[in-house]
2 protein chains.
Amino acid sequence: MRAVAVRRGESGPQLVDVPKPDPESGEALVRTLRVGIDGTDHEVIEGTHGGFPDGSDYQILGHEAVGVVADPNGTRFEAGDLVVPTVRRPAGEPNDYFARGEPDVAPDGTYLERGIVGAHGYMAEFFTSPAEFLVPVPDEFSETGFLVEPVSNSEKAIEYADASRSPFEWQPKSALVLGNGPLGLLTLAMLVNRDDFERTYCLGRRDRPDPTIDIIEELGATYVDSRETSVSEVANVHEPMDFVYEATGYAPHSFETIRALAPNGVAALLGIPGDHMFEIDGGDLHRELVLQNKALLGSVNSNVRHFEAAKESLAAFPDWFTEKLVTGVYPPENAEKAFETGDGVIKTVVEFDTL
Amino acid sequence: MRAVAVRRGESGPQLVDVPKPDPESGEALVRTLRVGIDGTDHEVIEGTHGGFPDGSDYQILGHEAVGVVADPNGTRFEAGDLVVPTVRRPAGEPNDYFARGEPDVAPDGTYLERGIVGAHGYMAEFFTSPAEFLVPVPDEFSETGFLVEPVSNSEKAIEYADASRSPFEWQPKSALVLGNGPLGLLTLAMLVNRDDFERTYCLGRRDRPDPTIDIIEELGATYVDSRETSVSEVANVHEPMDFVYEATGYAPHSFETIRALAPNGVAALLGIPGDHMFEIDGGDLHRELVLQNKALLGSVNSNVRHFEAAKESLAAFPDWFTEKLVTGVYPPENAEKAFETGDGVIKTVVEFDTL
């Protein structure tokens, strides 16, 4: 079958011909419809994140997928069911984190990640998965369902932020998303749809006209150009933010965010930067965290509960939003094109089939 | 009546003679038994934290008190009731935070703090307080009740930490307290008494023999000398910590703590440092927060719920602990002595009266 993979020692996606997988006991065989591409996929190709499956000289890419059950193989599914797979799998023997349905908090070394860490991804005509890692989605998600996975990551981050503020009556009104990439825009759309955030902002570094700025403004949010207003200045120039969501992977942002937060505010950090030395006024930042009850939360991955929540969020997005977000749909033969970046590109998808 | 205060332009505690306060409607008059001294009191004396009451050329010190209701003045109390006062009071008109019983999350400018920010403290023969800010305590707290306030601050910090981990099954085993001052030792005793923390550590920078190290070890915890093992090295030298409680006010600790935490760990920050510029590998710290779901939470002050919880914690402390913790009890005439620091001094108290 056709698959899009990166080969050891190379740094570009290639169309490869690999054997169609056979589902083992407890696994279903899924016919892939669409697989989304995000920053992590680029890092996998560049070799800066994740790693190849043991003994394999290639890694099939992709961790944001939607597909149709082709062979339920005795699992709870029926042929034709639309499903979205989760990403993490146990490394070796199943552990307590997986047993509890919380692989997203499993520590390093106890998990693999499909398409990222030591396991093949979903960018192939078919994939197999244990049924417990397949989340059923309604048929109307056949084109957009690959967005359930990235949205689920933000569901988790927002759930953690809410939980961290649960000991008191938190009444957030303002939210800032750092980063106008696809994850930033998806999260902005989620925050706009919440009843509590009356004012939303999204920070980027793009000149107008720009399709991401158009989306930000069509969502009713305010675009903040980081070249004009730094994260440290946002509270003064705009307003202090009750919630900040960081998706830039630019390390200074995660510390400057302390100054952007309102009293009792919380920031969820999702970016994954490389090493980066810089100077901070750590005394001021520490004092600000303490005296204003502020919080910084790191968040990675997500579990089935967050996938379920993501289905609700995705269903609530206006059609125009997902249409404008997805700027390119390519067949696997054109996968290289799907991995190209540029000012007109927001979210791209490799499409293997339709429902 | 006698009171211990600091005068404008001076930087030492003095015995002053001030009018006995008259309770207003809704307020009770309290006869003070004991008032504890902590780092904040020293900052108030030095003029680096808080501020004088409007129009007053002196400020009565002290915010950790226990006393006896002398005149209930129509409130829910009876004469002879033992009470502990909370610290924050509305600045001007009562606001929503106070109405909800959550003055501890009220933003700057909306509150005063008795003995700290713009209001007289409790270090006087009598004080008045609205009944809602007086927490009844049992008679056996007549000598130790002044510890309810500092313990309540840690109750809040630990409550926040637990809440931040509530979205998943957090099973903490190891805890590290940064700082072997009185607040650090009180918190260590609280953590030792929890069922979950099997191993506890306390970091300081003192040579043996030292009374704080004796207490740490008698509690069953491990003393970590920061001159031998830095916060960044704790995870390697000892073990990664599920919970870190920071009470040193040394800003680098709050950032190095990210490295001390175990996956899914959380740090509560309570120190209040001055400005302090330094360099960090912010990329590494940011990445570590994200990929391991770590959290940093600032926490200040506490509310009546935390005072109630603190009563339970205080009752559970072994007698030897509070006896060793309190290294000096002084009459108000010797208040200067109570404010002296030194290697043999842990927690000191000004005693106005006994039950």
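Reader: Which strands does helix α8 of chain B lie across?

Author: This is a predicted model. Helix α8 (residues 282-291) of chain B lies across β15 (241-246), β16 (261-269) and β18 of chain A, together with β18 of chain B. The helix runs at about 80° to β16(A).

Reader: And what does helix α8 of chain A lie across?

Author: Helix α8 (residues 282-291) of chain A lies across β18 of chain A. It also lies across β15 (241-246), β16 and β18 of chain B. Its angle to β16(B) is about 80°.

Reader: How should I read the strands of a sheet?

Author: Start with the general idea. Strands of a sheet pair through backbone hydrogen bonds, either parallel or antiparallel. Now the case here. An open sheet of 12 strands takes in strands of chain A and chain B, with mixed pairing. Its order is β14(A)-β13(A)-β12(A)-β15(A)-β16(A)-β18(A)-β18(B)-β16(B)-β15(B)-β12(B)-β13(B)-β14(B).

Reader: Which are the edge strands?

Author: They are β14 (222-225) of chain A and β14 (222-225) of chain B. Each pairs on one side only.

Reader: By how many degrees are neighbouring strands of this sheet turned against each other?

Author: By 20° on average, with direction ignored.

Reader: Take one pair. In which sense do β16 and β18 of chain B pair?

Author: In the parallel sense, over 4 bridges. Strand β16 covers residues 261-269, and strand β18 covers residues 295-298. Within chain B, A267(B) stands opposite L296(B) in β18(B).

Reader: Where can I see an antiparallel pair?

Author: Look at β7(B) and strand β8 (residues 111-114) of chain B. They run antiparallel, joined by 3 bridges. The bridge partner of P90(B) is Y111(B) in β8(B). Both strands belong to an open sheet of 3 strands, in the order β7-β8-β9 (chain B), with mixed pairing. Here the edge strands are β7 (88-90) and β9 (118-119) of chain B.

Reader: Now the annotated residues. Which ones does the UniProt annotation "binding site" cover?

Author: The annotation comes from an unreviewed UniProt entry.

Reader: Why do they gather at one spot?

Author: Compare sequence with space. These residues span 262 residues in sequence, yet no two of their C-alpha atoms are more than 14.0 Å apart, so they gather at one spot. From this set, N301(A) is in the lining of the largest cavity.

Reader: Is T40(A) buried or exposed?

Author: Buried means under 20% relative accessible area. T40(A) has 17%, so it is buried. T40(A) is in helix α1 (residues 39-46) of chain A. Leaving out residues up to four places away in sequence, T40(A) touches H49(A), H63(A) and I116(A).

Reader: Where does N301(A) lie, and what does it touch?

Author: N301(A) lies in the loop between β18 (295-298) and α9 (304-316) of chain A. At 8% relative accessibility, N301(A) is buried. Beyond residues up to four places away in sequence, it touches V87(A), R88(A), D104(A), E113(A), N153(A) and K156(A).

Reader: Finally, what is the radius of gyration of chain A?

Author: Chain A has 20 Å. With 355 residues, a compact globule would have a value near 20 Å, so the two agree. Along its principal axes, the C-alpha trace spans about 60 × 45 × 40 Å.

Reader: How many helices and strands does chain A have?

Author: It has 11 helices and 20 strands. Of its 355 residues, 60% count as buried. Take the contacts in chain A between residues at least 6 apart in sequence: 71% join residues at least 24 apart.

Notes. Residues numbered from 1 in each chain as written. Chains lettered and ligands numbered in written order. Predicted model: local features only at pLDDT ≥ 70, side-chain atom pairs only at ≥ 80, totals over all residues. Heavy atoms only, no water. UniProt positions renumbered as here; feature names shortened; annotations may be inferred. 1 Å grid on protein atoms, 1.4 Å probe; cavity = no way out; pocket = protein on both sides within 12 Å on 5 of 7 lines; lining within 4 Å. Helix = DSSP H or I, 4+ residues; strand = E, 2+ residues; numbered from the N terminus. Buried < 20%, exposed > 50% of the residue type's maximum accessible area, 1.4 Å probe, protein only. Contact = heavy atoms within 4.5 Å. Pairing = 2+ DSSP bridges. Axes fitted to C-alpha atoms, helices over the stretch in contact; angles between N-to-C directions. Rg over C-alpha atoms; globule rule 2.2 N^0.38 Å.
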